[in-house]
Amino acid sequence: MATTTSIIVLLKFFATRQKNAVVDYRDFCEYLKKYSEHHIEEQPVLSVYLEDPVPALQTELEKLVDTRQIVMTSLHGDKTGILVIPYYIERFSERYKDIAVNPSLPFPNEADLPKGTPKEIVTRENAAEIIGRLLQHQEINDKTLYGLTLPHNAPSILLPSNVSVVTLIEVQ
């Protein structure tokens, strides 16, 4: 079992359960410790999180920051938050399902992100270039939230990496 994968999956689950993309670092550490205690038999690799989960978790979080799957943020006071980008990817992919049923709904754009969300969670690219590239080869995953920049200062359309670019073309 790849620990990095487990942590992002657990972060996504935890964020979904809280209905918020930003999870409190300390709360997640407590959850991870309890999860590890409960699942240690099936997944012995979780033993690194049993005593003090912080050192092992910090290493995994740094990897996730490097791959742009999370962003570490400051919460009110001295609290640290973990912004879980796959949470938004899931949320906006649901919007595309709604658009498929009701084409009058607008495409999601950056204004649909909550205030205070760091802009670096969106990978901005020229719409024509990215659509062409993704039509040639697109890996469907929950790792990237694309911002398709349009001409004439139109708002960027958000395209989650788990939505096929063909879907974007078909629902317009």
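Predicted model: local features only at pLDDT ≥ 70, side-chain atom pairs only at ≥ 80, totals over all residues.
Which residues of α4 are buried? The legends below start there.

View 1. Residues are numbered from 1 along each chain as its sequence is written, and side-chain values use heavy atoms, leaving out hydrogens and water. The buried residues of α4 are Ile-85, Pro-86, Tyr-87, Tyr-88, Ile-89, Phe-92, Ser-93, Tyr-96 and Ile-99. Buried means under 20% relative accessible area, exposed over 50%, and partly exposed in between (1.4 Å probe, protein chains only). Helices (H or I, at least four residues) and strands (E, at least two) are DSSP runs, numbered from the N terminus.

**View 2. The largest nonpolar core.** It has 34 residues, and Leu-11 and Phe-28 have the most contacts inside it. Such a core is a set of buried Ala, Val, Leu, Ile, Met, Phe, Trp, Tyr and Cys residues joined through side-chain atoms within 4.5 Å. At least two residues each come from α1 (3–18), α2 (25–39), α3 (53–66), β2 (70–74), β3 (80–84) and α4 (85–101). Apart from this core lies another, of eleven residues, including Tyr-96 and Leu-159.

**View 3. The open sheet.** Three strands line up in the order β1-β3-β2, with antiparallel pairing. Two strands pair if DSSP finds at least two bridges between them. β1 (22–24) and β2 stand at the edges with a single partner strand each, so one side of each has no neighbour in the sheet. Three bridges join β1 to β3. Val-22 has Leu-83 in β3 as its bridge partner.

View 4. Tyr-87 and Tyr-88 form an edge-to-face aromatic pair, 5.8 Å centre to centre with 75° between the planes. Rings of Phe, Tyr and Trp (its six-membered ring) pair if their centres lie within 6.5 Å; planes under 30 degrees apart count as stacked, over 60 as edge-to-face and the rest as tilted. Tyr-87 counts as buried at 16% relative accessibility. Tyr-88 is also buried, at 4%.

**View 5. A tilted ring pair.** The ring centres of Tyr-96 and Phe-107 are 5.8 Å apart and the planes meet at 40°, so this pair is tilted. Tyr-96 sits in helix α4, while Phe-107 lies in the loop between α4 and β4 (122–126), eleven residues apart. Tyr-96 is buried at 2% relative accessible area. Phe-107 is partly exposed at 21%.
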